Amino acid sequence: MIYKRSSALFAEAEQVIPGGVNSPVRAFKGVGGTPLFAKEAKGAYLYDEDGNKLIDYINSWGPMILGHAYQPVVDAVVEKAKKGTSFGMPTEIETQIAELAVSMVPNIDKIRFVNSGTEACMSAVRLARGFTGKDKIIKFAGCYHGHSDSFLIQAGSGASTFGTPNSPGVTQGTAKDTLLATYNDIDNVKELIAANPNEIACIIIEPVAGNMGCVPPQNDFLNKLRVLCDENNILLIFDEVMTGFRLAKGGAQELFGIKADIVCFGKVIGGGLPVGAFAARNEIMNYLAPIGPVYQAGTLSGNPLAMAAGLAMLRALNADPEIFTRLEEKTAYLHKGIDKVLTDNNITYTINRVGSMISVHFDETPVVDFTTAAKGNNETFKKFFHGLLNEGVYIAPSAFETWFITDALTYEDLDFTINAVNKVAKTL
Ligand SMILES: *Cc1c(COP(=O)(O)O)cnc(C)c1O
C-alpha cells in the first residue's frame, strides 16, 4: 500500500475541515492510520489517489448495491443535469420514483423524499409524535438513526430510565424523551412501556441492525414488537435506511413478513446521490403538510438529479428479481469461506449475516445486542482491517460496521478476499 498522496491530501484537508472529513468514521479513528482518498471507482473496485486498487466492501456505506458508476444511474444523472439541476417546483420524475417505490414496498401508500437518512428518521419521528399526540420514543442501544438530537443517546447505565446524551449539544430536555432499550430483549421493551403509560409515540428500530456490526433480530423479536405496539397504540418505525431495497425489493418488511407503520429509507434509494425518504399508509402520511399539521420541508428535496439516480437504481432492482438471490448467494459464499479460514487458523470469532449484510466479530460470544457487539477484540480488528487493506481489500474502518456486498463482485473477487483473510489470519 502506498499512502503518499492520501497522507498529503489528508494533512491539507485537516487545515480546513474538522478532522479532515465531512463524516467522522471516514477519519480511520477506530483503526488508526491514514484515511485513503478515493479517486474513482467502477463496479466492485475502488482506486485511491495513490493508485492502489481495492475490492470495496463498503460501497459508499450501502448505496452501490449494483457496483460503482453503474451505467444506467450515471447516464440518468448526466442526461438530467443537462436540463437543469434544481427547480424548487414539482417534477414528474418525483411521482415516477414514488409510484415505483410504493409498488415495491409492502404496506405503504405514500412516500416523501428528503436528502438523507438522518432527515428521513427525524421526520418520521416528528410525524409519529404528531399523529399519536405523544412525546416519547423508544430506540435501541447500538441502533443508528442518523445524527439528529433525539437519536444521539447511548446505552449509559441501562435502559430502564431516561437516556443520557452522548454528544454535547443534545439537551437533557431532548434526551429525556428518548427511552433506550436493549436489542432483542422484549421484556426490556415491555418494562419501558409499562413505566411510561400512554406516553410513547413510537418505537424506532433497524429491523436488522447494521450499525453495531450486523445483528439479526432473534426469537421473533420484530413480531413481538408489532404486537406490543398494537396493544399500546404505539407506531412501529422500521428504519430501513440500510435494509431497504437491499434485503429484498420490499426490504425487511417483505423478508420477515412484518408490517411497520412508518418506514425510513436512504442509501440504496438514492443510487449514490443524497436521498432519503419516509413512507406510510395514507392515514399517517396525510398528517404531513401541506394537507396535514405536521411540518416538514426541503429546498432540494426531490432534486431532479437525485431522483434520476434513485429511479434508475430502483428500476434495475425491480426489473431483475434474481439480484437479491445472487447477492444472498455471494454473501453466503463469502461467509462460508471466511468461516473456514478463520477456523483453520484458530481465530476466536463470530460471523453474523442476513442477506447481503455480513460482519466479523473477534469474540466467540454470540453477538445479539450492543453489549455483546462491544465485546469484540478491537486490537485484533485493527490488525485485521489493516492486513486486509494491504492485501487490497477495503472493509469498513470500524468493528461496529457491516460489510455491504455488491452484485458487481465476482466469485474470483470473493475467492481473492477469502485468500486475503487467510493470509491476514496467520498474522493475528
Ligand atoms: C446510514 C443510516 C442512517 C443515516 O443516514 P444518513 O444518510 O447518513 O443521514 C440512518 N439509519 C440507518 C439504519 C443507517 O444505516
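Student: Which residues are around the ligand?
Tutor: This is a predicted model, to start with. Around the ligand sit Ser116, Gly117, Thr118, Tyr144, His145, Gly146, Glu206, Asn211, Asp239, Val241, Met242 and Lys267.

Student: How far is an N or O atom in the side chain of Thr118 from an oxygen atom of the ligand?
Tutor: The distance is 2.6 Å for Thr118.

Student: And for Lys267, how far is the side-chain N or O atom from a ligand oxygen atom?
Tutor: Lys267 has a side-chain N or O atom 2.6 Å from an oxygen atom of the ligand.

Student: What about Asn211 and its polar side-chain atom?
Tutor: That atom of Asn211 lies 3.2 Å from a ligand oxygen atom.

Student: Switching to helix packing. What numbers describe a packed pair?
Tutor: The angle between the two axes and the distance between those axes.

Student: OK, at what angle do helix 2 and helix 10 cross?
Tutor: Roughly 155°, and their axes come within 8 Å. Helix 2 covers residues 71-81, and helix 10 covers residues 304-319.

Student: Parallel or antiparallel, then?
Tutor: Roughly antiparallel, because an angle over 145 degrees counts that way. The crossing is right-handed.

Student: Which residues meet there?
Tutor: From helix 2, Pro72, Val73, Ala76, Val77, Lys80 and Ala81. From helix 10, Pro304, Leu305, Ala308, Ala309, Ala312 and Met313.

Student: How many are nonpolar, polar or charged?
Tutor: The contact of helix 2 with helix 10 has 11 nonpolar residues, no polar ones and one charged.

Student: Next pair. How do helix 11 and helix 14 pack?
Tutor: At an angle of about 20°, with axes 9 Å apart. Helix 11 is therefore roughly parallel to helix 14. Their crossing is right-handed.

Student: Which residues of helix 11 meet helix 14?
Tutor: Glu329, Lys330, Tyr333, Leu334, Gly337, Ile338, Val341 and Leu342. On the helix 14 side they meet Tyr411, Leu414, Asp415, Thr417, Ile418, Val421, Asn422 and Ala425.

Student: And how do the residues of that contact divide?
Tutor: For helix 11 with helix 14, into 10 nonpolar, three polar and three charged.

Student: Helix 13 packs with helix 14 too. At what angle?
Tutor: About 130°, with the axes 9 Å apart. Helix 13 is residues 378-390, and helix 14 is residues 411-425. That angle makes helix 13 oblique to helix 14.

Student: Left-handed or right-handed?
Tutor: Helix 13 and helix 14 cross in a right-handed way. Helix 13 makes the contact with Lys383, Phe384, Gly387 and Leu388, and helix 14 with Ala420, Val421 and Val424. By class, that gives five nonpolar, one polar and one charged residues.

Student: Backbone next. Which peptide bond is cis?
Tutor: The one from Ala289 to Pro290 is cis, with omega near 10°. Pro290 is in the loop between helix 9 (282-285) and helix 10.

Student: And Asn107, is its phi positive or negative?
Tutor: Positive, near 70°, in a residue other than glycine.

Student: Where is Asn107?
Tutor: In the loop between helix 3 (92-104) and strand 4 (110-114).

Notes. Residues are numbered from 1 along each chain as its sequence is written. This is a predicted model: local features need pLDDT of at least 70, side-chain atom pairs count only at pLDDT 80 or more; totals for chains, interfaces and linings use all residues. Side-chain values use heavy atoms; hydrogens and water are left out. Axes are lines fitted to C-alpha atoms, for helices over the stretch in contact, and angles run from 0 to 180 degrees between N-to-C directions. Helices (H or I, at least four residues) and strands (E, at least two) are DSSP runs, numbered from the N terminus. Angles under 35 degrees count as roughly parallel, over 145 as roughly antiparallel, 65 to 115 as roughly perpendicular and the rest as oblique. A crossing is left-handed if the near helix is turned anticlockwise from the far one by less than a right angle, and right-handed if clockwise. Contact means heavy atoms within 4.5 Å. Ala, Val, Leu, Ile, Met, Phe, Trp, Tyr, Cys and Pro count as nonpolar, Asp, Glu, Lys and Arg as charged, and the others, Gly among them, as polar. A residue is near a molecule or strand if one of its heavy atoms lies within 4 Å of it. A polar contact is a pair of N or O atoms within 3.5 Å; within protein, one must be able to donate a hydrogen and the other to accept it, and residues adjacent in sequence count only if both atoms are side-chain atoms.
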